[in-house]
Amino acid sequence: MRTIAESRARLNRDRVLRAAIALADATGIESLTMRKLGVELGVEAMSLYNHVANTGDLLDGMIDAVFAEIELPPGGTDRRTAMRQRAISVREVLSRHRRATGLMESHTTPGPATLRHRGAEIGTLRGAGFSIELAAHAFSVLGSYIYGFALQEASLPFDTTEETAEVAQTILARLSSGEYPHLAGGQSSGSLRPATTTATSSRSDST
């Protein structure tokens, strides 16, 4: 069994950030404290301040570490393919770190991985002939769509295919009265169910 001195000697910023992310994934950002993180790492909370300046620095580092897991837009491919692959990677990473979705763009001190990804995304758009103004607009639109979709997935009240089917049947039963014909038509055709189907398959793939 490691002593506190041994745990402190092995401590570094990356290990602190990874432990914080794992703790936040399990219990939520709101419950993350230096004391709990110290317990998780087997050290006194004060030892953590040798690696992070304060709670804000810890959160900034966690966000940047999550960004580092996202694949950069691949070079040598067309703009649509590159941006699509990056969007898929963002979604896959956020499916692993569902608590991070609302924090990805919330801090004012982006780290190197965050800046690298933003620069690569703008660069891909500029390389495809977008003006800087249009590239910035496309960057914002894509980000809003991806993060919004990930946030919707994280908020869905079910995780498995069976739970999805149960919820769908409950909704369909309410629509069968004929009071909501447009919704009923969309549900029966599957057009209004892409988020539930996609979210469930994504969660199944990530487990």
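A: One begins with the elements: helices (H or I, at least four residues) and strands (E, at least two) are DSSP runs, numbered from the N terminus. This is a predicted model, in which local features need pLDDT of at least 70 and side-chain atom pairs count only at pLDDT 80 or more, while totals for chains, interfaces and linings use all residues. Residues are numbered from 1 along each chain as its sequence is written, and side-chain values use heavy atoms, without hydrogens and water.

Q: Which element gives the most to the lining of the largest pocket?

A: Rolling a probe the size of a water molecule over the atoms shows where empty space is left. A pocket is an open set of points on a 1 Å grid over the protein atoms alone where a 1.4 Å probe fits, with protein on both sides within 12 Å along at least five of seven lines; lining residues have an atom within 4 Å of a point. Here α5 gives the most, with 5 residues.

Q: What is the volume of the largest pocket, and which residues are closest to its centre?

A: A volume is the space filled by probe spheres set on the points, which are joined across faces, edges and corners. The largest pocket holds about 280 Å³. Of its 10 lining residues, Ala87, Ile88, Arg91, Tyr145 and Ile146 are the closest to the centre. Two or more lining residues come from each of α5 (79-96) and α7 (132-155).

Q: With which residues is Leu37 in contact, leaving aside its neighbours within four places in sequence?

A: Contact means heavy atoms within 4.5 Å. Leu37 has such contacts with Val16, Ala19, Ala20, Leu23, Leu48 and Leu58.
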